[in-house]
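Here are my notes on the model, point by point. Have it open while you read.

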Amino acid sequence: MTSLEIGRASLRDVPTYSPDVTSCAVDLRDNINLFGTSPSALAAVRAVDATALSEYPDVAGRTLVDALATQLGVSPDEIVTGCGSDDVLDAAIRAVAEPGAVLAHPSPSFSMVPIFARLNGLVPVAVPLTADGSADADAMLATGARIIYLCSPNNPTGTITDANIVRRIVRESSAIVILDGAYAEFAPELEDLRSDAPALERLLVVRTFSKAWGLAGLRVGYGVGGRALAQAVQKSRGPYKLNTVAERAAVAALTHDDAWMRAQASAAVECRDRAVRELRTLGLSPLDSRGNFVCVPVTNARTMADALATRGIAVRAFTGLPVFGDVLRIGMAPWPVIARVVRAIGEILA
Ligand SMILES: *Cc1c(COP(=O)(O)O)cnc(C)c1O
């Protein structure tokens with residue numbers, strides 16, 4: 001038996017997530033918080049005692065669930081935590097759809113979603129974004145999908161789907177709608193649907209501590225939705241996914257570092273807007289990003305990313321995307337770093 005024959009047949013066609021590794025001094029590929037990490041979370045990690053390691057965590061991450069429930073004004077049984085929001089997305093897909101069901105997702109969008117769909121035996125259907133980068137509600141609805149995934153601000157474009165469009169999709173479909181808000185903290189002007197999600201029953205709003213909170217290494221994410229939905233996701237997710245150290249850190253961040261998070265997020269947004277202005281002066285047309293990254297269409301993203309890599313700068317290159325073609329996605333960092341990137345792009349174009 002070859003190694004290929006060990007995995008189940010449908011697994012063979014699923015691509016392995018393997019972002020290219022790089023030794024670049026400046027790494028702007030992951031949209032993480034390059035302005036820092038939550039100081040209270042770091043203190044909580046440093047303060048762990050032996051029992052935090054030797055004992056099992058709470059089955060469901062109860063202290064984080066309670067802290068979030070209080071902050072959002074929802075019931076604890078309307079929240080489900082996970083090992084990163086990836087875990088929540090994966091478990092949600094498995095919780096609400098049988099193998100063979102359709103999951104509709106915008107394209108381009110978060111690359112893991114069609115992978116999670118296929119890992120769970122679902123059929124992903126890509127629905128191109130509109131020209132302004134919003135989810136196309138009519139086209140999404142026309143799929144008749146069991147699950148409709150939305151991402152706002154969207155990765156990799158940074159563009160948004162208005163909350164009213166999300167509400168319309170929930171109202172006019174019978175689908176379970178997953179709204180991924182991994183970058184929502186960078187767009188506080190957008191309507192926050194977390195507190196409304198339980199009443200909408202079929203909407204799960206998914207969030208992460210990996211981006212604005214600077215805690216990607218700890219793997220903490222959560223979803224908020226109707227009780228039946230949240231509990232189904234919890235059941236399909238399984239126990240103990242949120243480890244004790246991560247749980248304590250996330251609770252500390254949420255309890256003490258809200259102002260810190262907002263300040264970091266607005267610094268990233270300032271950088272982004274300045275980067276957009278400067279890239280425009282180079283003749284480029286960055287998209288209207290509301291995340292902590294810039295998405296800029298270029299003629300040949302691979303060539304451009306390689307040229308940046310030779311200058312010690314790693315960015316993410318996407319080629320041949322629907323609607324936008326080749327783009328570079330550049331994560332934000334303190335301005336001197338971004339200034340260097342803009343300068344390098346100017347040199348490459350010249
Ligand atoms: C980064 C990212 C996530 C993953 O978050 P984790 O909580 O680290 O698993 C989810 N969705 C989108 C759109 C992302 O960009």
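1. Let's start with a cysteine: Cys271 is buried, with a relative accessible area of 7%. Buried here means under 20% relative accessible area, exposed over 50% and partly exposed in between, using a 1.4 Å probe on protein chains only. Cys271 is also in no disulfide, and the nearest cysteine sulfur, that of Cys295, is 17 Å away. For the record, a disulfide is a pair of cysteine sulfur atoms within 2.5 Å.

2. Before going further, a word on the ground rules. This is a predicted model, where local features need pLDDT of at least 70 and side-chain atom pairs count only at pLDDT 80 or more, while totals for chains, interfaces and linings use all residues. Residues are numbered from 1 along each chain as its sequence is written, and side-chain values use heavy atoms, leaving out hydrogens and water.

3. Back to the sulfurs: a search of the whole structure turns up zero disulfides. Cys151 is in none either, with the nearest cysteine sulfur, that of Cys295, 12 Å away.

4. Now the domains. The assignment, which is automatic or from a database, gives domain 1 (20–37 + 259–349) and domain 2 (39–256). Their C-alpha centres lie 25 Å apart.

5. How much area do domain 1 and domain 2 bury between them? About 2,200 Å², with 67% of it on carbon and sulfur atoms; that is the accessible area (1.4 Å probe) the two parts lose on being put together, summed over both. On the domain 1 side, Thr37, Met261 and Arg290 supply 30% of the area buried against domain 2, more than any other three residues. In contact terms (heavy atoms within 4.5 Å), 26 residues of domain 1 meet 30 residues of domain 2.

6. Finally, have a look at helix 6 (residues 112–119), whose buried residues are Met112, Val113, Ile115, Phe116 and Ala117. They pack against helix 5 (84–96), strand 3 (102–107), strand 4 (123–128) and strand 5 (147–151). Helices (H or I, at least four residues) and strands (E, at least two) are DSSP runs, numbered from the N terminus. Just after helix 6, Gly121 takes a positive phi of about 80°.
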